[in-house]
Amino acid sequence: MKFLKVLVVILVFVSCTKNEIEVFEKVNINFSHNWDGAAVAKSDFNTLKFTNANGEKLSIVRFRYLISNITLTNSENIKTVIKSRQLIDLGEEVGLSLTSETEMPQGTYKLSFTFGLNDADNLDGVYQDLNSVSFNVPTMLGGGYHFMQFDGKFNGTNTLVNNFNYHVIRAVNRADPTNLIFQDTSFEVDLGEIIIRNSDVIEIKMDISEWFKNPSLWDLNTLNSMLMPNFDAQVLMSANGKSVFSLGAVTP
Amino acid sequence: MLFSCSKESKEESYVSVLAPLQIPTLFKNLLIAPIIPSNNPQTQEGITLGKKLFFEKELSADNSQSCATCHDPKTAFSDKRRFSDGIDGVFGNRNSMPLFNLAWNFDEKFFWDGRSIGVERQALQPVINPIEMHNTWKQVVATLQSKAAYPELFYKAFGTREIDSILVAKALAQFERTLISSNSKFDQYLEGKVQLSASELNGFNLFMDETKGDCFHCHGSDKNPLWTDNKFHNNGLDALSIDIGLAKVTGDPSDNGKFKSPSLRNLAFTGPYMHDGRFSTLEEVINHYSEGLKASPTIDPLMKKVSLGGVQLTPEEKADLKAFLLSLTDLEFVGNPAFQEQ
C-alpha cells in the first residue's frame, strides 16, 4: 500500500512537470526583401537603381506576391498550417509580417510554404480578400489568382525606358482556347529548421534579383510584358523563383 | 440605445433604428465586407437626415447649391459638365466624380487624388471650398440650427439637437453609403439571369485579355464587380502633367499624373471622362488606350505598347469593348426613388 502511494505521488509529479514545460505560443514571421543582399523597401521604388544579371537597369513600381499553406512540421512529421494565405505588397507595405492563426508548442520545426497557390487551392474567385485587391487571373487563362505581380521599368537595348510586367501565374497553354492545358507552376519552399521559443520573430528573405538569373538568365528586352498567357515564360519564372527565398535572422 | 451618453441623456432618449447596408449578393459572395466606421453606424434616421442634407441648398453660402448640384442622381451622382462651377461662378479643374459603392473603397481614399481619408472627411470639404459652396461651417451650423426641422432630425439620428459639422458629415456619409449600384445587365449576366450579346461578350474578353485591352489589372473584373481597383495610376494622358494629381497630396514626384481609377459602372451617365473630363465620348476614351498613350516618367507600367501609342484595337474590337462597357449600366440605380430629391 505504501508503495502504491509513492507511485501515485511520482506519477502526479511527472505529469504536472510535463504540463508546466509545454508552452504554446503564436508564431511571428517578418518578410524582408533584398537585391543581391542590399535591402529593398518601398522607398527604393520608382528609380532605375537595380541592375539585373542580364545588365538591364530597372525600377520597381509595384511588387506583390502570394504565399500559401505556411506550414510547421514537427519532429514527428506532423504538419500544422499556421496561415493559409499571405499576400505581401511591398509597395503598399501590407502583409510584411504575420502572426500565426494557431498557437504552437515551443520546439523545433521545419518551416515551409507554397509560392502562389497549388492547383487544389487555386480556385477561381473563391477568396474574397484576393478578389477585393484585384489579384485574379482571367477565366480565359483558367482563372484563379496571380502568384506575383511585379511591375516596373527598365533601360532596354532600344535606349528607351520601357515597361515590364513580370506576372507569375499557373502556366497555361491556350493554343486551343477550348482545351486549356495547365501546368502547376506554384512551388514548395522549404526553409529548413527553426526553433519556436519566446515569441521570437522569424525572418523570411526574398532576393528579388534571383527572379532574373537562376537558372535562366532573364532578358527583359525579349520577355517584358504579356507574360500571363506565355506558357514557356511561366515555366521559366517558376524555375527562377525557387532560389529567391531563404531563412533570415531570428530575433527576440 | 445608440447615444445613451449624449448630452440629451437626461431627456427621454430616442432610439434610432439600425439600418445595415443591403449588400448585393454578388458583392457578398465576391468581396470583403464594406467599410462602415464603428463611430458612425448606419441608421434609418441618419440616412434620412443625410439624404435631406445632400439636397440642401442652404449648405452653400448663397443658398444656391447642394451636393446634388454637382452630383446629380440622374447621372449616377456625377456632373454632365466637364467642370462644375461653384456659387461664385468659378470653375474647378476636375470632373465631378460619380458616387456609388463608396463603402467598398477599401483604402478609403476619396477624390481623384485621394486627399480625403474616409467618406466623412470627404463630405466636409465642398462646403468650405471657395470655388464650390464657399461657405463656413460656422454659418452652415447656424443656418441648420435655426431651421425648425433640423434639430429634431439630428436628435433622432445622433441623440443631440446641437448640430455641428461632424454630425453633418456623418449623416451625409450614411446616405452616400446607401448609394449602391449592382444591377447592371452584366451583373444580371453573372447571376445567370440574362445573356450578353456576341458583341458584349467579345468586348468582355478584350477587356480581360492581357494581349488586347488588358483593362482588368486596374478596373476590376467579373470577380471584382466594383470595376475599379480604387488605386492611383498615371494612364498616359500627358507627357507632362500640369495637374500632378496624387503627387500634390504625397509630395512624391513619382506620383506625378496619378489619379484614382474610376469605376466603369454607369459610363452611360458619367461622361465626360477622365479626371479633367477631357474626353466627351467613350470612343475617345477607347481611342486613348488604343493609340493615344503618351510616355512619361511616371506612366504606369501596366500601360501596354506605349511606344505604339497603345494596345492597337481594330474598329470592330473598339465597338465590342464599348458594348461591353455599356453593359455595366445600372438603370435601376439612376432611377431609384430612394436616391431622388423628394
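Where does Asn46(A) sit in chain A? Asn46(A) belongs to the loop that links strand E2 (38–39) to strand E3 (50–51).

## Ground rules

This is a predicted model, in which local features need pLDDT of at least 70 and side-chain atom pairs count only at pLDDT 80 or more, while totals for chains, interfaces and linings use all residues. Residues are numbered from 1 along each chain as its sequence is written, and chains are lettered from A and ligands numbered from 1 in the order in which they are written.

## Chain A overall

Chain A has three helices and 14 strands. Helices (H or I, at least four residues) and strands (E, at least two) are DSSP runs, numbered from the N terminus. The C-alpha trace of chain A spans about 95 × 45 × 30 Å along its principal axes.

Of the 252 residues in chain A, 36% count as buried. Here a residue is buried if 20 or more other C-beta atoms lie within 10 Å of its own, exposed if 12 or fewer, and partly exposed in between, with C-beta atoms placed from the backbone. Take the contacts in chain A with a separation of 6 or more: residues 24 or more positions apart account for 70% of them. A contact means that the C-beta atoms of two residues, placed from the backbone, lie within 7 Å.

## Strand E8 and its partners

Strand E8 (residues 148–155) of chain A is mostly covered, with seven of its eight residues buried. E8(A) runs antiparallel to E4(A), and seven bridges join the two. Pairing of two strands requires that DSSP finds at least two bridges between them. Within this pair, Gln149(A) of E8(A) stands opposite Arg64(A).

E8(A) also pairs with strand E9 (residues 161–168) of chain A, again in the antiparallel sense, over eight bridges. Asn155(A) has Val161(A) in E9(A) as its bridge partner. The hairpin of E8(A) and E9(A) has five residues between the strands, and Thr159(A) in this hairpin takes a positive phi near 70 degrees.

Asn46(A) counts as buried because it has 20 C-beta neighbours inside 10 Å. Asn77(A) isn't a glycine either, yet has a positive phi of about 65 degrees. Asn77(A) lies in the loop between strand E4 (57–73) and strand E5 (79–89) of chain A, and counts as exposed because it has 7 C-beta neighbours inside 10 Å.

There are cis peptide bonds to look at, too. One joins Asn214(A) and Pro215(A), with omega about 5 degrees; Pro215(A) is in the loop between strand E13 (201–207) and helix H3 (231–241) of chain A. Another joins Gly271(B) and Pro272(B), with omega about 0 degrees. Pro272(B) sits in the loop between helix H12 (267–270) and helix H13 (282–292) of chain B.

Asp200(A) is in the loop between strand E12 (187–196) and E13 of chain A. With 16 C-beta neighbours inside 10 Å, Asp200(A) counts as partly exposed. Asp200(A) and Asn28(A) are 172 residues apart along the chain, but their C-alpha atoms are separated by 6.8 Å. Leaving out residues up to four places away in sequence, Asp200(A) touches Val250(A), Thr251(A) and Pro252(A).

## Helix packing in chain B

The axes of helix H9 (residues 198–208) and helix H14 (residues 315–326) of chain B come within 7 Å and cross at roughly 100 degrees. Axes are lines fitted to C-alpha atoms, for helices over the stretch in contact, and angles run from 0 to 180 degrees between N-to-C directions. H9(B) and H14(B) are therefore roughly perpendicular. Angles under 35 degrees count as roughly parallel, over 145 as roughly antiparallel, 65 to 115 as roughly perpendicular and the rest as oblique. The contact of H9(B) with H14(B) has eight nonpolar, three polar and four charged residues. In these classes, Ala, Val, Leu, Ile, Met, Phe, Trp, Tyr, Cys and Pro are nonpolar, Asp, Glu, Lys and Arg charged, and the others, Gly among them, polar.

H13(B) and H14(B) have axes that come within 10 Å and cross at roughly 125 degrees, so the two are oblique to each other. From H13(B), Leu282(B), Glu283(B), Ile286(B) and Ser290(B) meet Lys318(B), Leu321(B), Lys322(B) and Leu325(B) of H14(B).

## Where the chains meet

The contact between the chains takes 22 residues from chain B and 22 residues from chain A. On the side of chain B that touches chain A, ten residues are nonpolar, seven polar and five charged.
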